[in-house]
Amino acid sequence: MALASSSSASAITGSSFSRSISASEPKAPQIGLVRLFSRPNLPASSVNYSQRRCSVEPLHAEPKRNDSVAPLAASSVAPAVVEEVQVEDYEGLAKDLENASPLEIMDKALEKFGNDIAIAFSGAEDVALIEYAHLTGRPFRVFSLDTGRLNPETYKCFDEVEKHYGIHIEYMFPDAVEVQALVRSKGLFSFYEDGHQECCRVRKVRPLRRALKGLRAWITGQRKDQSPGTRSEVPVVQVDPVFEGLDGGIGSLVKWNPVANVGSKDIWDFLRSMNVPVNTLHSQGYVSIGCEPCTRPVLPWQHEREGRWWWEDAKAKECGLHKGNLKQEDAAELNGNVKGDSTDVDIFESQNLVSLTRDGIENLARLEGKKEPWIVVLYAPWCRFCQAMEGSYVELADKLAGTGVKVGKFRADTAKEFAQRELQLDSFPTILFFPKHSSRPIKYPSEKRDVDSLMAFVNAFR
């Protein structure tokens with residue numbers, strides 16, 4: 001898819017999505033950037049997503065007339081309203097919808113989440129998702145990850161799809177500084193030598209994470225027959241096991257896979273019968289389409305995923321967008337890390353983050369008169385929950401730069417017994433705050449790891 005250290009530090013270290021509308025319906029003004037209104041701080045795991053909606057305000061729109069019969073909040077004081085929280089059983093819902101048609105599943109997804117859900121479009125056969133959403137008659141949003149290395153045919157497909165449906169796809173781009181650092185240090189084609197994960201993390205996973213932080217659900221084109229090694233058990237709906245949504249924390253994002261049970265032939269029969277615009281690369285032997293350097297045509301007897309990252313192990317052919325499909329041992333192996341072995345692929349990379357060695361974290365734990373307070377994450381790079389909070393933690397480090405609070409990381413899976421004994425490690429990730437006046441760290445108790453929650457934790461002690 002087209003998402004200066006002080007002296008004490010040296011002693012320690014070692015989107016808003018555009019909304020589509022039916023061509024037959026009157027078109028509303030396009031929403032550009034949006035500002036999210038404040039929300040009650042509810043546990044992410046207990047939110048009834050079907051009962052909550054995302055309020056958005058156009059930042060560059062004309063002032064709207066207030067036609068509401070209710071008085072403005074500024075002119076009256078309303079009694080406090082307690083929002084009823086209801087737990088949604090998505091495993092049960094997946095079973096109920098197991099034999100449902102893609103159109104029925106799409107309709108259910110759009111009905112439950114409204115403006116808080118968006119379709120992820122890669123410029124390939126997942127255009128079927130847009131056609132199904134169009135057929136529901138409901139408004140929908142579409143986004144795509146532009147990695148900067150897509151085929152020209154894919155960009156042309158984006159343009160044709162926008163014109164065909166009268167929509168504006170919201171494109172997510174990688175961070176230019178991160179791309180520049182990667183290319184300058186390792187070259188344009190490093191993935192041929194040391195695997196595609198690092199490049200995909202910069203160009204795809206992190207932009208996707210930014211996109212999903214503005215949603216409560218997303219819709220993908222995953223199918224069980226696409227990759228027997230990683231997608232054979234994909235349900236039609238699930239709580240996303242890797243990424244976080246708008247409310248932050250584990251369980252804050254729902255993932256819909258309406259065509260999970262549909263075969264490739266049936267998808268193409270549908271596209272042809274509906275006269276849907278498709279990527280012209282498909283007629284040149286491409287089946288699964290990604291970035292140009294990592295995609296090639298397949299032969300008639302080859303599986304479609306054999307055209308992606310063909311130089312790597314077949315069971316590891318996930319770029320990170322759907323990494324939750326991998327079994328735990330495969331995910332560790334995919335990151336070059338099996339049972340705690342070292343790996344070259346690290347996370348939490350930022351110039352505002354201090355990487356602590358074993359000696360460094362021990363010194364930090366012993367110092368009682370520190371020059372600055374510290375917040376440190378104990379992590380394992382192969383841990384999917386650590387990967388899920390990477391964006392939030394890096395953003396926290398950027399926000400705290402120059403404020404007198406140091407932000408660090410310590411890879412604890414290679415010193416797990418020590419971390420369990422001395423640093424209160426129970427599971428990954430564990431976040432600790434080291435006050436200036438004390439060597440005793442304070443453990444962050446919540447599973448909400450969005451930047452605002454982490455910032456509130458830091459502000460409570462500095």
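**Salt bridges in a predicted model**

Q: How many salt bridges does a search of the whole structure find?
A: This structure is a predicted model. Side chains of opposite charge can pair when their charged atoms come close. A search of the whole structure for such pairs gives a total of 21 salt bridges.

Q: Which residue forms a salt bridge with Asp116?
A: The closest N and O atoms of this pair are 2.9 Å apart, which is within the 4 Å cut-off. Asp116 lies in the loop between α3 and β4, and its partner in the loop between α8 and β7, so the pair ties together parts that are 100 residues apart in sequence. Asp116 has 0% relative accessibility and counts as buried. The partner, likewise buried at 0%, is Arg216.

Q: How many residues apart in sequence are the parts that Glu125 and Arg223 tie together?
A: The side chains of Glu125 and Arg223 meet in a salt bridge, at 2.1 Å from N to O. Both residues are buried. Glu125 lies in the loop between β4 and α4 and Arg223 in the loop between β7 and β8, so the separation of the parts they tie together is 98 residues.

Q: Is Arg272 buried or exposed?
A: Arg272 and Asp269 meet in a salt bridge at 3.9 Å, N to O. The two lie three residues apart in helix α9, about one turn of the helix. Asp269 is partly exposed, with a relative accessible area of 35%. For Arg272 the value is 58%, and the cut-off is over 50%, so Arg272 is exposed.

Definitions and conventions. Residues numbered from 1 in each chain as written. Predicted model: local features only at pLDDT ≥ 70, side-chain atom pairs only at ≥ 80, totals over all residues. Heavy atoms only, no water. Helix = DSSP H or I, 4+ residues; strand = E, 2+ residues; numbered from the N terminus. Buried < 20%, exposed > 50% of the residue type's maximum accessible area, 1.4 Å probe, protein only.
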